Amino acid sequence: MDDVCEGKDFSFPSQEEKILSWWDEIDAFKTQLERTKHFPEYIFYDGPPFATGLPHYGHILAGTIKDIVTRYQSMTGHHVTRRFGWDCHGLPVEHEIDLKLGIKSREDVINMGIANYNEECRGIVQRYVNEWEKTVVRMGRWIDFRNDYKTMDLNFMESVWWVFAQLFQKGLVYRGFKVMPYSTGCKTPLSNFEANSNYKEVPDPEIMVAFPVVDDPDGACFVAWTTTPWALPSNLALCVNANFVYVKVRNKFNGKIYVVAESRLTELPVEKAKKSLPDGAVGGSENLNSKPKSSGGKAKNVDTYEVLEKYPGASLVGKKYVPLFDYFKDFSDVAFRVVADNYVTDDSGTGIVHCAPAFGENLVVAVDDDGCFTERIVEFSRRYVKDADKDIIQAVKEKGRLVKSGSFTHNYPFCWRSDTPLIYRAVPSWFVAVEKIKDQLLENNKQTYWVPDFVKEKRFHNWLENARDWAVSRSRFWGTPLPLWISEDGEEIVVMDSIEKLEKLSGAKVTDLHRHKIDHITIPSRRGPEFGVLRRVEDVFDCWFESGSMPYAYIHYPFENVELFENNFPGHFVAEGLDQTRGWFYTLMVLSTALFGKPAFRNLICNGLVLAEDGKKMSKRLKNYPPPSEVINDYGADALRLYIINSPVVRAEPLRFKKDGVYGVVKDVFLPWYNAYRFLVQNAKRLEVEGLAPFTPIDQTIIQKSSNVLDQWINSATQSLVHFVRQEMDAYRLYTVVPYLLKFLDNLTNIYVRFNRKRLKGRTGEEDCRTALSTLYYVLLTACKSMAPFTPFFTEVLYQNLRKASNGSEESIHYCSFPTVEGKRGERVEESVNRMMTIIDLARNIRERHNKPLKTPLKEMVIVHPDADFLDDIAGKLREYVLEELNVKSLIPCNDTLKYATLRAEPDFSVLGKRLGKSMGVVAKEVKAMSTEAILAFEKTGEITIATHVLKLSDIKTTREFKPPGNVKIEDMDAKGDGDVLVVLDLRQDDSLYEAGVAREIVNRVQKLRKKAALEPTDLVEVFFKSLDEDEKSSREILESQGLYIKDALGSALLPSALLPPHAVVLAEESFHGISNLSFAITLVRPTLVFNSDALVSLYAGNTKFANGLQVYLLMRDHHNLKAEFQLGKGKIKVNCIEGLSPVDVVLGEHVFLTVGDYFSTTKGAL
C-alpha cells in the first residue's frame, strides 16, 4: 500500500475528479454491465425529466436514490440496465417557444405553420443535455447517456400508439365534452392531477349577487355567492341543495327581500340604522362593501333580517329568475331556472351557487381557447376573463344587483407550467375510462411495496379511490399525435397501433410521427370512395400519457424486446418525488392496469421535497440556496449523497437544505473513516521501516479465529454491518443505513483503533501486530464494499490502495460482489463491548461530576449487573481495556443489584390517570409503598394487582437509587447507571496512586510535544527527560517505579538527558513547571547511533584517528538503511570502503548501538 496524507490535506472533491477520470479510462460502467450480462435482470424504470431546465437538488436526490439501489443490485448478482430518458413533448417545451417567439394565441401558431413551430420545439428540447450529463456524472451516478431514450424518438412514439390502440380495443377510450381545468397560458385543458399540482393561496373578489325571482309576490331575490365574477356574463342557472332549509328574509331597514340557506343567513350584509331623526325616520343602510365581522355576526343579522318564510331546497327547483345579462336570452325557454345538486355545501357562500353551463356539457361557449370572451359577450368581447372581474362587478353594481362585495383568500389552482390561474371550461377531449378500472387499480396498488408505506396506504390509495376519467388529448402541436383517423361523418374510426398499419392503409412512407409529418395523410374509407377519406384528429397526447408508457416505449415493445419485457414485468424499481403520486406513479399504474391487469412496478421509493434553509421553495430569483456545483466543489459528491440520504426527505418528508449539513458529513463520517484507514496504512508501512517483511493480510479464516476479544468484537460488528445493510437495502430503507454506519465508524475509531494502538503499533509483538492490522484491513475492506453503493468515490479511493496489499483483487470496488455474512455473529461479545463502552461513559460522567480528571488514578470501581456472562467478560478479557481507559487500579464485578442501590416504585400518572380516574389516589399510595421484594417480584412477573386494578410494567416506573456501603461516606463514593448496568467509583484519595498519576502527566506532555513537532504516529523518536528540581529524588523514584508503564505508553524508554549524544538531531524541546509539584524538560531527537569508543579503537589496534573516521562514516549513513544492513548481516557488517583504512567487521551491540535506548537498556537497564 502507498503512503497517504493527513486528513486535513485530503481533498475529497479533487480525489473524486481523479476517480471519474480513471473510470473513464477503464470504461468502468460499461465494463460492469458486460461482466454482469449473464446475471438475472433487475429492471429499473428511470422517469424522464425535461431537458429544458437545469438539474436541481430534487433531481440530484432522486438520482442518488436510483444510483444507490441500482449499484447495490449490481453488486448482489443482477444485470441492471440503466438508460437515461428525456421527456421531450408537451407544455414545458411549447411554453418556452411561446415565450421566445411572443406567441399569444392558437392562431399565431397556425399562421407561422405547425411545421415551423414544431421544429422550433425540437430545437430546444435538448438545450441543457450537456449540463444534465455533467451534473449527473459528477454526482457519481452510473447511467447510460449515449444509449438514452427520448419521448420524441420514432420508436418511442410508435409504442405509445400501440398502448393507446390497446386501450381503445378494450373499450377504455371515449370522446367526451366535460368541464376541464383549462390553462389559458398554455391554451389547453389539463388532467385532474396536473390541475392539482400547483395550488396557491391568492386573494380573489367575492361577491353576492341578487337574482329576482319571477312572479314572487314579495319581490324576493335569490342571493348567489361567487369568487369568479368573470363567469357571471354566462350565467344560465342557480343551484341549491335539495336537503337544505332555505329562508325568505326581509331587511328591516331597507325592505329588500332575499332567499338564502338558513345556515348561511349570517353571511348577508349587516345593516344598521342611522341616528334617529327628530320625526323618528330611519336612514339608509350600511355600505355594500362592508364585510360582517365573524364575532357576533349572527346576533346582528337577527336584528337586521326578519324571517318571512322557510322551505326545503327541493321546493325551489324549477323556479325562474331574471337574468343578470341578456347575452343568452335566446335560451330563456330552458335557462335561468333553479336546479339542485349535492355539491352545494353550507361551509361557505349563501347556499345558492351561480352556474354557467356554457362551461358545462353543451356547446354554448362564452370563452375562447385563449381565455378571452367571445363576440357574444358584447361589452367584454376579446378581453381576458380574469382582467374583466372589476368591470363586471361594476356592471352588476350599476344594475342594482350587487348585495355585497369583498376579497376572499383561498387556495386556487394555477397552471403547473405557465403559472397562470386555471379556469374551468367545457372542452371536447379524448378520455381513458379510469373509473371503469378503479377496483383493479386499488387491488394492484396492494401488490406494490412503497417506502415510506404511508404514501401508498394514504396519499396514493386516496388518489386512486377518487380517480376520475383521464383526459389524454391536448389541443396542441408538439407531442405524439393521437393515432385516430375519423371519417367526415364520424361513423368510421381507425386506430393505428403501428407505423406499418398506417403505411399499409395510406400508402404513404412514414419516417416521423409528429403532426407536421402525418397530419396530411388520409385513409380511404372502407365503405367506398363516396364516403370520402378519414383524417387524423388534430389532438396530441398529454405528455403524461407518454411518460406513463415508458416501461413499454423505451424498449420499443411490442415491436422489439418482447422476451425481455414479458419475463421481467412488472419492473423491479422506480423512484421519484412525492408529487409523482398524482403524476408519473399514477399514469404508470393506470396504463399497466389497463393493459395487463398488473402494477407497472414492484418496489418504489418516494422522496419528499428539498427546500431552502429557511423552509421556503428554492428560488433562483431569491438565491436562497447554494448551487449544487458549489457544494460539490467544496465538499464532494459523496458528502452531498450521504447528507440527502441521511435526512427526512427519503421518508417523503421535506428537507431544509443546509450547506453546513454537508460539511457535517465530511467531519463526522468521512474524516473518522479516513483516519482509521490512514492509521492502518501508516502502521503497515512501519513494518517495512523497521526492516520487517511488508504487510500482507493474514488469511481471513484465520483472522476470524483470533483470540483477542476486540478482534472478535469488530469482526462480529462488521458482520452485523453487512447483515444490516443487506437487510435495509433489500427493504429499500436507505435512510437507516447512514446512522448505523456512523455508529460503526465511531466504534471502529474510538474502540477498536483506540484500544488497540499498542497492538497495531507492534508493541505486543510482530505476530500480534500483524493479526490486529489484518483484522483492521478486512474490516475497512468490508465496510468499503458495503458502502460502495452509497459513496462510490471514497470507497474506490480506499479500495485502490487496499487492494495493493492482496493479490487477485477486482480492478474496481464496483466490480466486487456485495459482502455476505460469513460465520456466526458474536452477539454476546457485541453486547459485552457495548456495555463496556456504557460503563466507560458512566464512569467518565462520575469523574466529571466530582472534578476528577482521567489523569488522576482511582483505586477501585465496582460493576453491578445481574448477568453472570457479562460480568465474566468485563472482569476477564475486557478488564484491562476498562482499567486503562478509566485509569482505575482494580475492578470488582457484583451481581447483587441491591448491594449498592435501593429500589423505589412510582406510578406513571400520564398512563394511569385517565384509566383509573378516582381510584388513582389509592393506587398511587400503594405503589409508592411497595417493598423491595414486591418490586422485584413485579419486575419478574410483569404485572401486579393493586386495589382490583391490574398494572403492567408500562404502568409503574421503578428507579434504583445509589446507596453506599455503611462504612463509606457519601462523598467518598458515587455511582451512575443507565437502567441496565450500574458503575460505582471509589473517589477516596490514595497516596499510593500519586506516582501513577505523575507518570500519566509526563506521557501526556510527551504526546503533546510530538503533536507540536508535527510528528506522524509512525515517526520514530527517542525521548530524553531532565529534572529541573533542586531535589531530583522524587522524579527519579517516580520514573523508576513507573518505567514500564511509560515505556509501554510511549513505545520506548524515557532516557536520562545525560545520555543525549552531541551529534543527535533535536526535533523538539520544552520545559514544564508545576506538574504535580514537579518541573522537568522533555527533548525529542531522531534515533541516533551510540559508539563504544574503546571497542572501536581496538578494531584499529589503538589508532584513535582511524576509530573516529569509522564513526564519521557510520553517522553519515542513512539510519534506516544501516539498520536493514545489520539485520541482513545478522548483527554484523563489513566496512571496507574507507580510503586508507583496512576492512573491519562492526558488530551491533559490541562496537555500536543503533539507538541510545538500545545502549541504555544493555548497559544500565531502565531508568
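**Close-up 1. Pro-570 sits in the loop between helix H18 (562-567) and strand E23 (571-577).** Helices (H or I, at least four residues) and strands (E, at least two) are DSSP runs, numbered from the N terminus. A cis peptide bond links Phe-569 to Pro-570, with omega at about 5°. A note before you browse on: this is a predicted model, where local features need pLDDT of at least 70, side-chain atom pairs count only at pLDDT 80 or more, and totals for chains, interfaces and linings use all residues. Residues are numbered from 1 along each chain as its sequence is written, and side-chain values use heavy atoms, leaving out hydrogens and water.

**Close-up 2. Val-451 and Pro-452 are joined by a cis peptide bond.** Here omega is about 0°. Look for Pro-452 in the loop between strand E15 (449-451) and helix H13 (453-465).

**Close-up 3. Phe-336 has a positive phi of about 60°, although it is not a glycine.** You will find Phe-336 in the loop between strand E10 (305-312) and strand E11 (337-340). Phe-336 counts as buried because its relative accessibility is 4% (buried means under 20% relative accessible area, exposed over 50%, partly exposed in between, with a 1.4 Å probe and protein chains only).

**Close-up 4. Thr-948, a residue other than glycine, has a positive phi near 70°.** Its place is the loop between strand E30 (943-946) and strand E31 (949-952). Thr-948 counts as exposed, because its relative accessibility is 73%.
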